[in-house]
Amino acid sequence: MVDSNQLLQSSELFSRVALLKVRAKDLVEGLLSGHHRSRHKGSSVEFAEYKDYSPGDEIRHIDWKVVGKTDKYHVKQFEESTNIKCTLMLDSSGSMGYQPPKENSAEVSKWNYAQVLAAALSYLFLKQFDAAGLVLFNDQAVRRIPPRSKPSHFQNILNELAAMEPAGNTGLGEAIGQIIERLPGRSLVILVSDLFLKHDDLEKNLKLMRARGIEVVLFHVLHPDEANLPFEGEIVFESLEDDPPIGLDPYEIRESYREAIQNQISAYGKICASLGVDYEFLQTSEPLEQALSYYLLKRNSLNKQ
Amino acid sequence: MSLNFISPVFMLGLLGVGLPVLVHLLTKRQVTHIKFSAVYLLRSSHKKSIRRSRPNRLLLLLFRCLAVAGLSLSLAHPIFSFTGTGVFLASKPAANVFILDDSYSMRLTVDGKSLFNQAAEYLTDAIGQIPANGAVGLALASAPARRLQGWGADRQTLGQKIESTQASFATTQIGPAVKEALDLLESSPQEIKRIFILTDLAKNGWTEDEFPEIPSRVPPVNINVVDFSPESSGINRAAIQGIEVGQEFLANRRTVRIKAKIANLLPEKRLSRLPVSLWVDGKKIKDRWVDAFSGLSSEVEFSIPLQGGGPLEGRVEIGEDSLNEDNRRYFIYQPEQKLNVLLVDGDPNTVAHQSETFYLERALNPFASSTSDIEPTISTLAELPRRDIRKFSAIILCNVNELPFDYERQIEKFVLQGGGLIVSLGDKVDPGFFNKKLGALFPVTLDALNQVGSGDEPFRMKLKEKTHPALKVFDAKTRQQMEAIRFHSIFSSSPREGKNLSIPISFSNGTPALIESTYGEGKTILFASTLDRDWNEFPIQPTFLPWIQRWVKYAARGLGTIARKDLMVGEAYRWEDEGEPGFVEIPTGAFKTFAAADINAPLFKGTAIPGVYKIYSASKNNLKPAPENASTRPDLGASPIGFFTVNLDTEESRPQKISPEKIQKLLAGAAVEIIEPVDSLAAQADDGSFPLAGPFLLLAALALLGEGWLVRRE
């Protein structure tokens, strides 16, 4: 016999999944529908460029016509049109569950924002017949769905996304350590997090992935409250993770806090740039469509270069 | 070690500290709880700004509280003392009597403020420090010591009483004041009884006989003597101790001699060229300089010609010092037109020329219509008690056997106050009576009668002191004539031990003929023979007339009457002349009346101020004495019928202070403590007392500065 509570929770979950699906689909359908070009050159029907022959190259790829004309050995190179295996790593630690105070409850929560972002990206990849997987992590990988390209895989991703409630401490290093061996080589990892990393070294973790040839896209998501600290009065801040509470007047530290956040964003940007990681800072106040389309346009333009 | 507050009422201002606290609490915002993601970032940011932001509110509160507290404390005039004992604070409710020394020595000015004013301010502050449950009484220590305020008066009334009290011109009477205080304390139910004596410790006010016996009780009466004596002695340099005014009859023209006695009060310094001036009728007449050795007196004499018959009113002044009240002394002198002399005939006779005073009377007033300035009055011994001898300048006892009972005392008083006494001997004189009864007046004792035997050489006079004031006018020929006069009988005499005398004339056998001495203000002259022809031929000699006249004038010294007219401050004046006195014009120009108590011998008690007092007769409409301080005044144009002067008792001017040991002895039975007056002005660092008003004010200013800086920074 099915428990009424379970039934209720299931129905809530279904509605959340449905809502997430609708939002993700709407979001993606409205976007530019285009293929992701593989940046890996390989065998394909689509010519990419010539290169000088070097021993080891397949002889069958030598363009004899060019040899005839120039008396030089050139090898044809083709765009390798492959299916991308994309793993979406969504930070589901406690800090991602930040809810603005009641007076601002109309705003989109950070977790909701990140959920929709992850769902939309999954849908986007699956729609292009790319494989999409999902890893939910806090201080470890909590849920993991391996990348699949079946359209029905989207439902699995949605189900995991909707069922997850943010909790626990952030431990990016631990989570990556757990999953990195299982990530397919030369795959794409999209990391969505608020990057409130107390102990982790982001650079080290990104380097680890980049060293394995994994392309990394980093979405740094913050609520405006977290960026600006707009609160007034004597406030006791209780941590969503394991930090002890602290009572203070935000007025007194606002400047230094903002400075710290700005420094953090700037530092992350520099690290990502140095490692060839796409870094995108998003605030939940920005419309997700706008943020996503802006990112895709930027990525496409990069690819064309 | 103690902390006392001069104006503790300002301590109420400390309640104002609650104001910043209240503001702080009211403006403190309600704490809300928010679940936040980046608490570790908040903490690191907070750590950076914690030193400058978090404590600011508490610092602000602290600064504001400090400013209010500092201001209140500085206004309360705290005095921190390592040695003080917080004398005005008692562990239990106490009865306190404050004795304020308002004698004229407290008028001494130190640093522009009189000791009395310093003591009065101290007293006001001290009363303010007495807890509300303590009883306070007031007494004044100038003569006569009196109660100023009993129990029950509120602090405001006490303050008004003190404010309206001025230093008097009287001397100090600490003993009677202590008695008043003890009487007052007796009536108080409080267990702790305390007396505070605010005085300059002038020794004159601590007379042993005047002190009451202090009852022994548990706990003992606590007596705190607050010493206001100036630290540097000798600020009061000099004082005029007395003035003698006399009329000079011996000179051809009549002059008045004013002799002022000036005391050097400096303990170790000689006074040199101290200016002395004579003021008559409001004008400065003469200036002199005087030198005086330390602790001794010098005399300055002024001679001024007598013009007119009116009274001579004036004063002698010396250079200013810190106590000017004793630098001037007033006198009033009524010059005599006639020298009244009383001739007491010890051997009257119905035959005129056989009377003892026959020749004497004619020598003093040789013509029927008096051309001499001597007015002799003859009296027998029987008439003597009825005579008012104060109206005479001199008395001549001629061959008197015995005076009426106890009459020698009146004569002693007469001489003491300036009268002249001449005694001539004769067969009636009893040496035993003379030696016994008049021994105090004369420096010699009569031994025996010396008579010249038949055929022997008679006695003759020898004028030894040719420059004597009474003899210097006689030329050599006249002196020779005098020395040729024969004396048959003379009394020999022997000097008494320790008496000063001079013998300007002696007999040829070496026995004194005329013995002169002073007694009090007056002079006594003993002539060792008769002033009639019984024992010599002198009365019928031409030299007798000028000789006796000069000696009488010399003895009388021109004192018209010897009714006492120079009083001390506070001494009552008794009217003993004819007429009915009605009003007295006091030196301030106000008019007062005689006391109503004794109409036969009216008394005037309002002699509180030094100066010249003028007496007016009662007008017809105001025969009955009017109440004291009545605003009535004599008829316009009325002339005074009498004068008297009131002067300071210069004993109070003496710089000697009573020693702490002596104070302990006089106040035996009480717990005595001698304390220094500690106030904001007199607080000295060297006696362990620090006024903290300045530091507290500085603290308040710094706190306000800090508060302003913090507010500006925020």
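At what angle do the axes of helix α6 (residues 202-211) of chain A and helix α8 (residues 250-275) of chain A cross? They cross at roughly 20° and come within 10 Å. Before I go on, this is a predicted model: local features need pLDDT of at least 70, side-chain atom pairs count only at pLDDT 80 or more, and totals for chains, interfaces and linings use all residues. Residues are numbered from 1 along each chain as its sequence is written, with chains lettered from A and ligands numbered from 1 in the order in which they are written.

Back to the helices. Axes are lines fitted to C-alpha atoms, for helices over the stretch in contact, with angles from 0 to 180 degrees between N-to-C directions. The crossing angle makes α6(A) roughly parallel to α8(A), a label for angles under 35 degrees. Helices here are DSSP runs of H or I, at least four residues, and strands are runs of E, at least two, numbered from the N terminus. On the α6(A) side, Leu202(A), Glu203(A), Leu206(A), Lys207(A) and Arg210(A) meet Tyr268(A), Ile271(A) and Leu275(A) of α8(A); contact means C-beta atoms, placed from the backbone, within 7 Å.

Now chain B. Strand β9 (residues 192-199) of chain B has seven of its eight residues buried, so it is largely enclosed by the rest of the structure. Buried means 20 or more other C-beta atoms within 10 Å of the residue's own. Strands pair if DSSP finds at least two bridges between them. β9(B) runs parallel to strand β4 (residues 94-100) of chain B, with seven bridges, and Phe98(B) has Phe196(B) as its bridge partner. β9(B) also runs parallel to strand β10 (residues 222-227) of chain B, through six bridges; there Ile195(B) stands opposite Ile223(B).

Next, the cores. A nonpolar core is a set of buried Ala, Val, Leu, Ile, Met, Phe, Trp, Tyr and Cys residues joined through C-beta atoms within 7 Å. The largest has 94 residues, and Ile99(B), Leu100(B), Ala119(B), Leu198(B) and Ile262(B) have the most contacts inside it. Helix α4 (residues 115-129) of chain B gives the most to this core, eight residues. Apart from it lies another core of 72 residues, including Phe219(A) and Cys272(A).

Last, a sheet. Five strands of chain B form an open, mixed sheet in the order β28-β34-β33-β30-β31. β28 (566-568) and β31 (591-593) of chain B are at the edges with a single partner strand each, so one side of each has no neighbour in the sheet.

Conventions: A residue is buried if 20 or more other C-beta atoms lie within 10 Å of its own, exposed if 12 or fewer, and partly exposed in between; C-beta atoms are placed from the backbone. Angles under 35 degrees count as roughly parallel, over 145 as roughly antiparallel, 65 to 115 as roughly perpendicular and the rest as oblique. Two residues are in contact if their C-beta atoms, placed from the backbone, lie within 7 Å.
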